[in-house]
Amino acid sequence: MPLSKMFSTLCVMVWLVVLNTPVQAEDAHSYARIKQVSTPHMELDLTVDFDDRKLRGHVTYKLARHDTSTQLYLDTNELVIHKAELLIDEQWQPTKFTMGDIHPSLGRELIVDIGPSAAQVRIHYETVPTASGLQWLTPEQTAGKEHPFMFSQSQPIHARSWIPIQDSPALRLTYNATIRTPEGLLAVMSANNSLSDERPGEYHFSMPQPIPAYLIAIAVGDLVVQEISDNVAVFAERYIVADAAWEFADTPAMITATEEMYGPYRWDRYDLLILPPSFPFGGMENPRLSFITPTVVAGDRSLINLIAHELAHSWSGNLVTNASWRDLWINEGFTSYVENRIMEALFGRERAVMEQALGYQDLRDDMARLPAKDTVLNIELGRRHPDDVFSQVPYVKGQLFLMYLEEKFGREEFDVFLRKYFADFAFQSISTEQFKHYLKRELLDKKPLLVSMDKVNEWIHQPGLPDDAPRPTSDAFIKVEQQMQRWLKGGQLATDAWTTHEWLHFINNLPLDISAQNMARLDQEFQLTQSQNSEIAHAWLKLSIIKNYEPARERLREYLLSIGRNKLVSPLYRELAKTPDNLKWARQVYEQAKAGYHPLTQTVAESLLYANQ
Ligand code: BES
Ligand code: ZN
């Protein structure tokens, strides 16, 4: 071969290698080999069996073949697979499948023979009652007491416990679903929910925008609907639907404000589903239908930053998605930033800064508790379960990073950047490396001396916070601190104008050597033990544990038995586990509470209460 021919062949080979080099690292939390064969569309057909606590049915995938592989790799966790079929000449024909070894956090790969040409594959399966992504509640565990309830929580890697699926956020799919329930119950999904009050027991859904598997969601219960506006409604059990519609009445204005800042809302309707109190999160941004804890229905709209947060995910997360769970900060950091911008737009700077300051304190607490390596934004997860390293780091450190950029480049310029970012990456999943390239090109290089790439790398790849990180300080909180000092010396507190935020700052910053008399004095004057605000009660109960303040014990028990939101109960168990007597008491309460807790809350609480056995 002449030298020039060899050279050009070599060039072509190098080029091919470059082309085929994955732009992003593989997802260490999925068995799916999406670069070989992927599944751009799914049809679900499921029956909800409350007696057996199982979903049963089948899932059908359209196949997109990217090479000559004859096998499809799916993720499963504790699923019972009955049969796999291929659509050949318009007939469903059985095909072979095998399953891999069980990995404690990743589950089990399912490998289906798809031959060289089939365009569709169908898998018949059922779930187990302990599926990590589902919670089944008995009628007694609901507010209405008459009907059972079930719901999913797929993020981060639990979709595979109720659907055999390519469970990586790097892949998007559209879906249709048919869901059969007992008559009288309503099924809703992260899709086009109907506002009709008929309850025939068979429901059809379609989600025409491609979404990652972790956003596939379902809930079934005795639900009613109340509309807030043309494009926003609340689904909930009847006891809370009117209160929730009042609490979240600002949602339409939040949508408008976010559209003005970051471009159009791309998902048609935005509805809210209020879950039972055992819902393990504050909220979950399931597209078109955010899942919301009832513990934020406080009666005074003080905790609605949660709605701003879940809504913000319609841009940061659902539109532009983290490619792997190592990149979670791309979802949560951006969302915390956007959430706070929405709160500022609707309620002004003072409230927004108070919320920043509360988040900053939570971040400092988490950083003090975590090993340094887990305080890095682009976290090294290995194959650890993402749930095991959940913390405020991707949220608040990520938010502070964006606040830092905003501060350096100015709000106007940074808003233009973000708006373009959401448009450029709409309906894509991106890695931290991709974001860094984009940031350099679209922002840093345009004003070269403002922020260096070294600084960006420090934010993204180093533990802790950079020395010049923003430090949110709230004037209102400084006044709270001044009052606290006077009060500790015997003065009076003037709390009439205090918001929930000021109360939280006050309680969280009381000196840990506060006297028993002062605890009692506070409680008598302000009824903190009886506070019906879930966040204030949480802060007070945590302090009560540290101070062994006995009058709060019964309330603490009741709180732990009635709420299952991980963020509200786990810190209390963590505190209780610190002394032998409290640990013993906590285990008793937990054993009683356990049946009502979601699998996630169970896992976290057990790791705190039974860690050293
Ligand atoms: N998407 C998250 C919940 C989540 C994150 C589930 C990672 C599983 C893995 C949701 O948007 C969220 O962040 N909820 C927060 C809201 C808060 C920061 C306002 C919550 O539940 O506390
Ligand atoms: Zn979030």
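## Surroundings of N582

In this predicted model, N582 touches I545, N548, R553 and L576, leaving aside residues up to four places away in sequence. N582 belongs to helix α17, which covers residues 580–593. Its relative accessibility is 7%, under the 20% limit, so N582 counts as buried.

## Domains

The domain assignment divides the protein into domain 1 (3–208), domain 2 (321–461) and domain 3 (485–609). The C-alpha centres of domain 1 and domain 3 are 41 Å apart. Eight residues from domain 1 and five residues from domain 3 take part in the contact.

The size of an interface is often given as the accessible area lost when the parts come together. Between domain 1 and domain 3 about 430 Å² is buried, and 49% of this lies on carbon and sulfur atoms. On the domain 1 side, S132, Q135 and Q141 lose the most area to domain 3, together accounting for 66% of what that side buries. The number of salt bridges between domain 1 and domain 3 is zero.

## Surroundings of E85

E85 sits in strand β4, residues 80–88. With a relative accessible area of 10%, E85 is buried. Apart from residues up to four places away in sequence, E85 touches W92, Q93, P94, T95, Q120, V121, R122 and H124.

The C-alpha atom of E85 is 42 Å from that of I307, and 222 residues separate E85 and I307 along the chain.

## Helix α4

I307 is one of the buried residues of α4; the others are L306, A308, H309, E310, L311 and A312. Helix α4 spans residues 305–312, and seven of its eight residues are buried, so the helix is largely enclosed by the rest of the structure.

The cover over the buried residues of α4 includes helices α3 (251–262), α5 (328–347) and α7. Strands β17 (271–274), β18 (283–284) and β19 (289–292) are also among the elements that cover them.

## Aromatic pairs

A pair of aromatic rings is described by the distance of the centres and the angle of the planes. The model has 37 aromatic pairs. In one of them, the ring centres of F50 and W136 are 5.4 Å apart and the planes stand at 85°, so this pair is edge-to-face. F50 lies in the loop between β1 (37–49) and β2 (54–65), while W136 is in strand β9 (residues 134–137), so the pair ties together parts 86 residues apart in sequence. F50 is buried at 13% relative accessibility, and W136 is buried at 4%.

F401 and W459 form a stacked pair, with 5.4 Å from centre to centre and 25° between the planes. This pair links distant parts of the chain, as F401 lies in helix α7 (residues 393–409) and W459 in helix α10 (residues 453–461), 58 residues apart. F401 is buried, with a relative accessibility of 0%. W459 is buried, with a relative accessibility of 0%.

## Charges over rings

The charged end of R33 sits over the ring of Y73, at 3.8 Å from the ring centre. Likewise, the charged end of R301 is over the ring of W246, 3.8 Å from its centre.

## Salt bridges

Side chains of opposite charge can pair when their charged atoms come close. Across the whole structure, 37 salt bridges are found. One of these joins the side chains of E126 and R56, at 3.4 Å from N to O. The two residues come from distant parts of the chain, E126 from strand β8 (residues 120–126) and R56 from strand β2, 70 residues apart. E126 is buried at 11% relative accessibility, whereas R56 is partly exposed at 27%.

D366 pairs with R369, their closest N and O atoms being 3.1 Å apart. Both lie in helix α6 (residues 349–369), three residues apart, about one turn of the helix. D366 is buried, with a relative accessible area of 12%, while R369 is partly exposed, with 39%. R557 and E554 form a salt bridge with closest N and O atoms 3.3 Å apart. Helix α15 (residues 553–562) holds both R557 and E554, three residues apart. R557 is partly exposed at 28% relative accessibility. Salt bridges with shared partners also join R341, E344, R349, E406, R411 and D415 into one network.

Definitions and conventions: Residues are numbered from 1 along each chain as its sequence is written. Chains are lettered from A and ligands numbered from 1 in the order in which they are written. This is a predicted model: local features need pLDDT of at least 70, side-chain atom pairs count only at pLDDT 80 or more; totals for chains, interfaces and linings use all residues. Side-chain values use heavy atoms; hydrogens and water are left out. Rings of Phe, Tyr and Trp (its six-membered ring) pair if their centres lie within 6.5 Å; planes under 30 degrees apart count as stacked, over 60 as edge-to-face and the rest as tilted. Helices (H or I, at least four residues) and strands (E, at least two) are DSSP runs, numbered from the N terminus. Buried means under 20% relative accessible area, exposed over 50%, partly exposed in between (1.4 Å probe, protein chains only). A charge sits over a ring if NZ of Lys or CZ of Arg is within 6 Å of the ring centre and within 35 degrees of the ring normal. Domain bounds come from an automatic or database domain assignment. Contact means heavy atoms within 4.5 Å. Buried area is the accessible area (1.4 Å probe) that two parts lose on being put together, summed over both. A salt bridge is a side-chain nitrogen of Lys or Arg within 4 Å of a carboxyl oxygen of Asp or Glu.
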